[in-house]
Amino acid sequence: MEGTLAAPASTYRRDLRCYYRPIILISSGAIILLTFWFASRYPALLHKLQQVGTAMPTMAYDHSVGSPVGLASTWQRIRIAALSWLAAMAIGMSFGVLFGALLHSVLRYYPLKIGQNLYLNSLKGALVGAPMGVCANCAVPMACGITRGHGRVEVALGYLFSSPNLNPVVVMMTFAALPWYFGITKYVIVLLVIALFVPLLISLLEREKSLDIFTVDDGATCELPPINLGLECDEKFGDVFWELAGSYLSNVWMLLKPTFTIMMLASVLAALALTLVPWGNLLTHVTVARAAVVSLFAVFMPVPIALDVMYAAQLQNSGVASGYVMLFLMTLGTYSIIPIIYLWREVSRRLAVILFAFFWLLGFGCALLL
């Protein structure tokens, strides 16, 4: 009788040891995600929803670190703008690095099996990205985690474009703050970009050359093989935990190094654009030349999530031409210098440039046609 009872217990313990890795990875992901959502992101988004219509200091952040009003030096205004932008991006980018590193770890143990249908892959990325609640800039470390974890580029782009645009609170904010036809136009275009343009573009680029993803030459950290589920499940929990912790921390560091550098560069470039570009004069009326310049800066500018809607609503309330309102609603925050650098360094320079040109033309067309 004792022998009969011992076997199931032994089998249960052996089976549980087989699932140490997924249990740890899933638990870690839930902790990171739920902490970000409920302690920061969704309270902040709901607060922004209440703030729609109030004056913003700039298009790139909604709260200034200090007050640049009356400062004598241009350098001081640039410094305040750079610090304010960094403060606005700090929490989202920290989450992006932490969750992106976890995605990298998960995909190296359990490679993503999503098939070869580029259109479905892009939509799958969009479905995952929509509730995440991060801007296109903070989505970059997570997109990087997907591609460095040997996921598909269209999945990463679907994720990157959907997260700042298709979040439920942002969608609600768009229709609450602006005329309904603005919202309909934007979301039809966003869905067409994700469902058709991105997969078609990648398909065309891959006819000439496969989009081989850049991987960091950091020795064993990029060469960890997938777990062999056929092995005997005899590992101790502590051994598995510390193995995963070491792998995860290596991935965090691997993402943190370029992210920190890019953030510093983006903060300076954004501050220069905010301070030195004569926005008041550019937005007084629509001309071909002004629309081209405004669209160029709008696509370039890295902004936190929902600020495209807030800034477009502010322009609408100030009586700015509807073409400019739609330009900022469509391009500001959808793409920026940070995704450009990511795609340029790690995926394809042609893809980075084509997407920039596409969104620039999209904003330019919105300004002239509406």
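What share of the 370 residues in the protein is buried?

## Overall composition

Buried residues account for 49% of the 370 residues. The model is a predicted one. Its secondary structure consists of 15 helices and zero strands.

Among contacts with a separation of 6 or more, 84% join residues 24 or more positions apart. The exposed surface comes to about 17000 Å², and carbon and sulfur atoms supply 68% of that area.

## Nonpolar core

The largest nonpolar core holds 119 residues. Phe 161, Met 301, Phe 328 and Tyr 335 have the most contacts inside this core. Helix α3 (residues 74-109) contributes 13 residues, the largest share.

Leaving aside residues up to four places away in sequence, Phe 328 touches Met 59, Trp 279, Leu 283, Val 294, Ala 298, Asp 308, Tyr 311 and Leu 315.

## Helix α12

Helix α12 spans residues 307-317. Nine of its 11 residues are buried, so the rest of the structure largely encloses this helix.

## Backbone around α12

Most residues other than glycine have a negative phi. Ala 306 is not a glycine, yet its phi is positive, about 80°. Ala 306 sits in the loop between α11 (288-300) and α12 (307-317). With a relative accessibility of 1%, Ala 306 counts as buried.

A positive phi also occurs after α12, at Gly 319, where the value is near 85°.

## Cysteine pair

How many disulfides does the rule give? The count is zero. A disulfide requires the two cysteine sulfur atoms to lie within 2.5 Å. For Cys 135, the closest cysteine sulfur is that of Cys 138, at 3.3 Å, which is too far for a bond. Seen from Cys 138, the closest cysteine sulfur is in Cys 135, again at 3.3 Å and too far for a bond.

Are Cys 135 and Cys 138 buried or exposed? Cys 135 is buried, with a relative accessible area of 2%. Cys 138 also counts as buried, because its relative accessibility is 2% and the cut-off for buried is under 20%.

Key: Residues numbered from 1 in each chain as written. Predicted model: local features only at pLDDT ≥ 70, side-chain atom pairs only at ≥ 80, totals over all residues. Heavy atoms only, no water. Core = buried A, V, L, I, M, F, W, Y, C linked by side-chain atoms within 4.5 Å. Buried < 20%, exposed > 50% of the residue type's maximum accessible area, 1.4 Å probe, protein only. Helix = DSSP H or I, 4+ residues; strand = E, 2+ residues; numbered from the N terminus. Contact = heavy atoms within 4.5 Å. Areas by Shrake-Rupley, 256 points an atom, 1.4 Å probe, with all protein chains shown as cover.
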